[in-house]
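Here is a briefing on strands, aromatic rings and helix packing. Please look over the sequence and the structure first.

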Amino acid sequence: MRLRWILFAAAAVQAQDFPEPYDSERVAGSPMAAEEAARTMKLPPGFRATVFAAEPEVRNPIACAWDPRGRLWVVENFTYAERPKRFDTALRDRVLILDDADHDGRAGKPRVFIDTVERLTSVELGRGGVWLLCPPQLLFVPDADGDDVPDGVPRVELDGFTIADGSYHNLANGLKWGPDGWLYGRCGHSCPGRLGVPGTPDEERIPIHGGIWRFHPERKTVEVLTHGTTNPWGFDWDRHGEGFFVNTVTGHLWHLIPGAHLADSYPSPNRSVYQRMDTIADHWHFDRGSGWKKSIAGAADAFGGGHAHVGAMIYQADQWPEEYRDRLFTLNFHGRRANVEKLEPKGSGYVGRHEPDVFFSADPFFRGIEISTGPDGSAYLLDYSDTGECHEATGIHRSSGRIFKVSHGVPEKPDLSDLAGVTPEAAVRLLEHPNAWFPRQLQGLQIPDPVLDGLPDDLKSTRDRLRRMSLLFSRGRLSRERLLEGIADADPHVRATSIRFLLDAYPLDTIDGPLPHFQQCTDAAILEVLKDRARREESAAVRLALASALQRIAPREREALAIALLAHAGDAGDAALPSMVWYGLIPLGRSDPAALVRVAKACRWPDTLRWISRDLAGRIGSDVKPLAALLAAVGDGQRAPVLQGLGEALKGWRKAPEPESWDGFAASFSDPADRDRVREIGAVFGDDRALEELKAIARDAKSPVARREAALATLIDHRTDDLRAICEELIGVKGLGATAVRGLALFDDPAVGELLVRSLDKVQASERAAVIGALVSRAGFARTLLSEVAAGRIARGEITAFHARQIRALGDEGLSRQLAEVWGDVRETNREKAKTIAGFKARLAPGQLAKADLGRGRVHYETRCAACHRLHGAGGDIGPDLTGSGRGDLDYLLGSLVDPAAEVSAGYRLHLVTLKDGRVVSGILAGQTEQTISLRLPGQKFTVERADIAKQEVAAASMMPEGLLLGLGENEVRDLIAYLMHPGQVPLPD
C-alpha cells in the first residue's frame, strides 16, 4: 500500500504548503457554536464544561497525548473519507501542540509539530521523540532535544497493520504507554494484519485478528495480547495496573488479560478455541429485548445511547468528587454522552456496573472520540464534530472540531515543577501524587540512576508500591530476584504484577499458538516458584495472572502449572480461569496429547474438561489412542463433560474409529439425555444397534420433539439406507419439518423437489424458509419452485433476495433467465445503485416517514431481515446486531440495503460451497475443524464433512444480498424503513 512522504527540513513545513481540508458532509446543518455546545452540555451538579480549543485552531481531532509540560498533543485527521473513497490522499494529517500557558482554561495558538503524514490515527510521546500510528505502519519521529521540531524524517518501527477494503474504520489506533513500559495499541477485527519490524519474514510475523497489541521500542518485539472483539477504540489502566478497554457491537467493556480470546462475531482462526470469553459488563447500552413497552417513546435512551464506544478514562485524580474516582468513562458515539462504569472485583476478574450517564451534548454534530485526564484533574473531551453514524456514509465535516474541558468547579493551576527537575524527593512526591497523570509522566522522563536507586521501598499504599514497581521495571532496574520475592508478597496485587513482570520478556502465544522461533520460559527456578504459588495461592486474581502466564511458558513445561491451578475446585465456575487455562493448554493437543490426558485426569472443571475432550476427539481420525486413554482415565464426576465434548467434536461426522475404551465408558451412563448422546456417538463409531434405536426415537410420537429432532439429525448425518422414507414420513410433524427437509435435500430426484413444494402447505411458518432453502440448493429443485411461482401457486414474496442469489450461484444460465422473468434481476452498476438510493431518499422525506405503519414495518422486517439479524434481542446471528447500530441515519440505512457489498467485513463475506452430490450452499463461515466446516444460513446451521465438498469459494460479496427492497410497494418500503429507524420495539399488528 502506498504511503507518501514529503521530506522536510528541520523546521516544520510552512502552513501554506498544507492542503486545505474541505467538507464532504451531505447532511444539512452545522454544529452549534463551540461556546454554546459547552454551555448546553448537561452535567452533574457542580461540574462545568468550557472550550479548551475549537475550530479554526483545531479540526477533526481524533487522538491526543500529554507531555510533562502539561501540553496537549492532538491528532487532526483529514485523510479519512467516506465510502467508497476511504482515504483522500490529496489531503494530509497533522499533529498540533496545544498549550494553556496562562491557565485561563483555553489553549493558545497551536503549534504544528508535523503535517506530512496520512492515515494518522494516534500519537504518543517518549523515548526521545514522537510516535505516530499511520496504518499500515508505526512511525517514530525523533526529537531528542525536545524543541518541538522533528530531528529528521519519520522512521518505520513496525509494519503489517492492514487496512481493509471494506470496514476500513476498524484500522489500528490508540497509542498509549502501559505501566510495563511497552507501547500499547488497538486494532479492529476487520483489519487483520501480520505485525513485525520492517524486514521480518512472514513466518515470524505476529498475526492480529482484532484486539490489543504492544510494542517494545528497545527489544523491537511486538505481541498481540488479546484476540477478538469488534473495534476497540479506548483503554486505560486502574490504580492496580489492570488494563480495561472499550469496544463496539459485541459488548463494550473488557478486562485486558494477556492471552485471552474474546467474543467476536467472526469464528476464531484457531480451531481449538471452542468458546471465547464475554464482556465483563453486566449490561448493554442498547435494548437487546426487554419488551416493546420498555423501549418505545424514547425510553430506549435510558440504556446508554448505542453500541459504539470510543475513548476510555479511569478517573484517578482528586479534582472531581469522590463518587467519580476509579470509575471508567467512555464516550458513547451515537448517544452523545459519556457512559460510566463502576469496576468491581468479581472472582478472578471484574464486573462493570452501569452508573448514570453524564456529559450529555445537545449538539447534533457532537462525536466524542477521546477522553483524557489532564494535569489539573479535569477531563478533556475530543469532539470530532461530524454527523452520521460511525462508518461515515454521509461524508466528513472537516471544518469543525472541539476539545471540551470538564471540571468540578474551577480547577487549580497544576504544579509541574517536580517534573522539570526530578530529585529523589520530587520522585517520591510524584509517585504519591493523587492524580495518576503525574506518575505516568514521571515514567516517561529521563531520570538519573541515583534518583531511581534512591527510591524508598517502604511506600505505604498498594497504589504507590505498584507505581514504584512500574517505574523501576520500565527502566530495567527491577531484578529477577526482587520479582521472585514479589511473588510471595503479602499484597495480591504485588504478587500478580510480579508474575507479569517476571515473564514479560518471554513471548506470548499468538492466536495460533507459539511460533517456531519463540524462546518461551524453561527456567526451572521460575517454573517451580510459579507451580508452588499456584498450589497455595488464595487470590483468584493472582491465579488469573498465573493462568495467563501459561502462554509464556514452553508447551512442554505447562502441564505442572495447569494441574496446580486446576486443584482449586472453586474456580470451576469463574468467568475467566477455565478459559484461560484451556487457552494455555491448546498447543499440547498437537505436541503432547498424553500430557493433555494427564491434565484431564486431574481436572474437575467441567468446561475445561469438555474442551480437552473435544480437542482429543477432533484428532481421532489421525490418532485414536489419546482419546482412548482419556475415556479410560476419567472417573465419576468427569464423564459427563467428556461425553459432551466428544459429541461436540464429532458433530457432522459420518464415521470415525472407535476407541477401545468406548464400550466401558459408554456403559457408565444411565441418565436418559446422556444415553441419547451415547447413541449418537455410537452411530459415528458404526454401532448398528444405536442407529436402530435412533430410528425408533425419531418415529416415536410420544417422545419430546427436541429428542426426536436430535435423533433425526444424527440419522441424516449418517445417511442411513431408509433415510428418505423416514424424512418423507416426518416432514409434516410439527418441529421436525426443517430437519426432515435437510435430509430430503440429499436426494437429487425431481420427485423430491415436487414433494418439497407440496410440503410448503404442511410445515410450520417458521419452517418454510428451510423448505425454500432446500429448493434453491439444486438446479432441478429450483426450476420446480420457479415454475410454481410463475403459475401463481407460490407467492413471489416467498423468494427472498438471498434465495435469488443462491439460484444464480447454481451457475445455470437458463435458470437465471427463468429467475429474472419470474422474480426480477437486481444486478446494478454503482451509478445505478447511487441513483436508486437517491430515489428512495427523495420518497422517504420526514413527512412521509411520519405516516408509516410501524407495526406493518415490523412484519416486513420479520419476513426479510430477522432470519439473519438480531433486533431488540430477537432474530438470527448471521449478520450484525442492528439494535445499537446507527440505523437512525437514513443515508446509512439505504446504503446498506441497496448496496451491501460497498463495505464488507471479512467475517461477513459469502462462502459458496459446491458439494459432490450437486448441491450448492452459501452462507457465513460459522466454524471449522480438520474434518468439517459449518455455515450459518438463514434459519439454520449447516455442517458438512470436508470430504463431501467439491469446491469452496469465498466471494467478495456480502452475505447480505442486493434486492432486499425488490417486490415491496412504496408504502411497504416506507413502513420497513421507518420501523428500522425507530429507536424501540413496536407490537405486531393484530
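Buried means under 20% relative accessible area, exposed over 50%, and partly exposed in between, with a 1.4 Å probe and protein chains only. The model is predicted: local features need pLDDT of at least 70, side-chain atom pairs count only at pLDDT 80 or more, and totals for chains, interfaces and linings use all residues. Residues are numbered from 1 along each chain as its sequence is written, and side-chain values use heavy atoms, with hydrogens and water left out.

**Aromatic pairs**

- Rings of Phe, Tyr and Trp (its six-membered ring) pair if their centres lie within 6.5 Å; planes under 30 degrees apart count as stacked, over 60 as edge-to-face and the rest as tilted.
- The count by this rule is 34 aromatic pairs.
- Phe18 and Phe78 have ring centres 6.0 Å apart and planes at 65°, so they form an edge-to-face pair.
- Phe18 lies in the segment before α1 (34-39), and Phe78 in the loop between β3 (72-76) and β4 (93-98), so their pair ties together parts 60 residues apart in sequence.
- Helices (H or I, at least four residues) and strands (E, at least two) are DSSP runs, numbered from the N terminus.
- Phe18 counts as buried at 8% relative accessibility, and Phe78 counts as buried at 0%.
- Tyr80 and Tyr168 make a tilted pair, with 5.1 Å centre to centre and 40° between the planes.
- Tyr80 sits in the loop between β3 and β4 and Tyr168 in the loop between β9 (155-159) and β10 (173-177), so this pair ties together parts 88 residues apart in sequence.
- One aromatic cluster is formed by Phe47, Tyr315, Trp320, Tyr324, Phe329 and Phe359.

**Charges over rings**

- A charge sits over a ring if NZ of Lys or CZ of Arg is within 6 Å of the ring centre and within 35 degrees of the ring normal.
- Arg119 lies over the face of Phe87, 5.3 Å from the ring centre.
- Arg186 has its charged end over the ring of Phe235, 4.7 Å from the centre.

- Two strands pair if DSSP finds at least two bridges between them.
- β11 (residues 183-187) is mostly covered, with 5 of its 5 residues buried.
- Leu183, Gly185 and Cys187 point one way from β11, Tyr184 and Arg186 the other way, and all are buried.
- β10 and β11 run antiparallel, joined by 3 bridges.
- Opposite Leu183 in β11 stands Trp177.
- The hairpin of β10 and β11 has 5 residues between the strands, and Gly181 there takes a positive phi near 90°.
- β11 also pairs with β14 (residues 211-216), antiparallel over 5 bridges.
- Arg186 has Ile212 of β14 as its bridge partner.

**A sheet of 3 strands**

- This open sheet has the order β17-β18-β19, with antiparallel pairing.
- β17 (235-237) and β19 (253-256) are the edge strands, each pairing on one side only.
- β17 pairs with β18 (residues 243-246) over 3 bridges.
- Phe235 has Phe245 of β18 as its bridge partner.

**Helices α12 and α13**

- The axes of α12 (residues 577-591) and α13 (residues 593-602) come within 6 Å and cross at roughly 135°.
- Axes are lines fitted to C-alpha atoms, for helices over the stretch in contact, and angles run from 0 to 180 degrees between N-to-C directions.
- α12 and α13 are therefore oblique to each other; angles under 35 degrees count as roughly parallel, over 145 as roughly antiparallel, 65 to 115 as roughly perpendicular and the rest as oblique.
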